[in-house]
Amino acid sequence: MGQTHDLVIIGGGSAGLTAAGFAVQLGRKVALVEKHRIGGDCTWTGCVPSKALLKVAQVAHQMRNAARYGLGPAEPAVDLKAVMAHVRSTVDEVYRSESPETLRADGIEVSLGQARFLNANTLEVGDAGVKLEARRFLIVTGARPFIPPVPGLDNVDYLTYETVWDLEELPERLIVVGAGPVGCELAQAFCRLGARVTLLEAAPRILLQDDLEAADLVGRQLTEDGVDLRLGTAVQRVWRSPDGIHVGFGDKEVVGDSLLLSVGRQPNVSALDLDKAGVAYTAKGVQVDRYLHTSQRHIYAAGDCLGGYQFTHYAAWQGFMAVRNAFLPGATRAVLDRVPWATFTDPEVAHVGLTEGQAREKFGEGVMVCRWPMEQVDRAVAEGNTSGFVKLVHRSDGTILGATIVSPRAGEMIHEWSLAIDRDLKLGDLANSIHVYPTYSTSNMQATAHIRVEQLLAGTYGKVVRGLARLAR
């Protein structure tokens with residue numbers, strides 16, 4: 001039986017939840033369709049469980065290294081079953097605010113089942129033949145782990161970021177393939193929990209999207225923690241024997257008890273019958289314009305299923321903007337060239353805008369760089385976290401091109417740089433803004449103040465300034 005809605009949203013992850021909440025606030029009749037579990041990757045297999053696990057691993061690491069703070073060190077007794085129970089309880093707590101019952105109480109119709117387009121105006125949900133008709137649709141179906149075509153992989157049990165949470169015993173030997181954000185985070189976490197971890201990366205460096213210096217620092221920390229980091233290692237074959245899982249590369253191999261694949265993600269688009277709706281897509285994702293219209297103007301798409309930046313915060317923002325563009329006058333660009341992100345290793349790496357390499361390639365000699373070490377930040381010194389830095393890429397006129405932060409709280413510290421770039425603020429604006437002391441964010445003000453003072457005292461103008469300062473005595 002057909003039902004008419006203002007908006008039908010396909011996908012109950014961060015983008016879908018944000019879009020549904022905003023559309024209901026606008027007084028629209030909204031249906032949300034989810035084939036699996038409301039909350040999506042972030043709640044169940046991504047951001048929430050991984051950060052809970054990273055916290056446990058950090059506590060274990062601090063226990064072992066308590067002597068640096070004048071305390072007696074202790075070797076933690078790691079019961080992975082109990083750890084995963086803690087992780088699941090964290091997930092459950094987050095899920096309570098986004099369960100189907102909670103959404104329905106807020107006025108959102110929720111249907112669970114696989115969605116398929118029958119035509120450009122009708123969606124069928126599940127095997128019961130429930131049909132939903134709508135003025136507008138929003139596709140936010142996310143992405144799933146990419147499984148590389150490695151010979152022998154089909155004959156071996158392997159883990160992904162979706163299934164690693166089912167572990168109840170700590171692997172004695174864990175092989176992680178792929179040193180992107182997920183691979184680095186989980187490799188460090190399991191190493192700190194007591195597993196012997198080998199991290200394989202085909203590229204000559206880790207964290208390919210981040211600043212090279214930042215990636216190198218994180219790589220050194222992983223090695224210091226005990227991770228066997230092997231770069232330039234392209235996996236060529238996988239097989240199992242009585243002594244474990246073998247991963248071969250060239251004439252070498254490593255052997256482990258468990259294998260975790262972390263080599264990227266691919267959009268969830270194949271099961272939607274998008275052809276019947278006339279929606280253009282490729283294996284890389286749904287195709288949209290800058291306002292998130294698909295090839296059908298009344299059908300929008302947002303988030304990870306587009307194949308671009310795959311971050312929860314970006315997906316949620318795009319979900320909001322899709323509703324804004326669908327129901328409010330005018331249109332706002334919702335596909336961005338720059339998006340802030342963070343990798344939550346210890347130390348964290350956060351970034352927005354251009355890296356130094358990208359800026360020099362684009363602007364040449366007009367690029368300036370300031371690197372402010374965390375050794376100069378009193379809070380970092382007090383807590384013994386001085387291995388990081390704030391790196392600013394800018395022009396001589398104070399225009400901010402990009403920022404990279406390596407620090408225990410880099411994910412929190414990057415936001416003011418994101419705001420500054422979005423609002424075309426200059427370095428001087430941040431230098432003149434008082435920051436609370438002692439905080440890690442003080443480094444942002446210190447770096448900008450250092451740049452401003454150097455510029456002020458440079459050249460002929462600097463001589464005049466110093467002369468005036470002497471006269472003022």
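## Cores, backbone exceptions and a pocket

Isoleucine 9 touches Gly16, Ala19, Ala20, Val30, Ala31, Leu32, Val33, Leu138 and Val140, leaving aside residues up to four places away in sequence. Contact here means heavy atoms within 4.5 Å. This is a predicted model: local features need pLDDT of at least 70, side-chain atom pairs count only at pLDDT 80 or more, and totals for chains, interfaces and linings use all residues. Residues are numbered from 1 along each chain as its sequence is written, and side-chain values use heavy atoms, with hydrogens and water left out.

Ile9 belongs to the largest nonpolar core, which has 48 residues. Ile9, Phe117, Leu123, Leu138 and Ile139 touch the most other members. A second, separate core holds 38 residues, including Leu53, Ala57, Met84 and Cys184. A nonpolar core is a set of buried Ala, Val, Leu, Ile, Met, Phe, Trp, Tyr and Cys residues joined through side-chain atoms within 4.5 Å. Buried means under 20% relative accessible area, exposed over 50%, and partly exposed in between (1.4 Å probe, protein chains only).

Next, the backbone. Helices (H or I, at least four residues) and strands (E, at least two) are DSSP runs, numbered from the N terminus.

| Cis peptide bond | Omega |
|---|---|
| Asp346 to Pro347 | near 5° |
| Tyr437 to Pro438 | about -5° |

Pro347 sits in the loop between strand 19 (341-343) and strand 20 (348-353). Pro438 is in the loop between helix 14 (427-431) and helix 15 (442-456).

Aspartate 273 is not a glycine, yet has a positive phi of about 55°. Its loop runs between strand 15 (265-267) and helix 8 (274-277). Asp273 is partly exposed, at 29% relative accessible area. Leucine 292, also not a glycine, has a positive phi of about 80°. Leu292 lies in the loop between strand 17 (285-286) and strand 18 (299-301). Leu292 is buried, at 0%.

The second largest pocket has a volume of about 880 Å³. Of its 33 lining residues, Gln58, Arg192, Asp346, Asn385 and Pro408 are the closest to its centre. A pocket is an open set of points on a 1 Å grid over the protein atoms alone, where a 1.4 Å probe fits, with protein on both sides within 12 Å along at least five of seven lines; lining residues have an atom within 4 Å of a point. Helix 3 (47-64), helix 6 (181-193), helix 7 (212-225) and strand 23 (400-407) each supply at least two lining residues. Helix 3 gives the most, with 7 residues.

How values were computed
Points joined across faces, edges and corners; volume = space filled by probe spheres on them.
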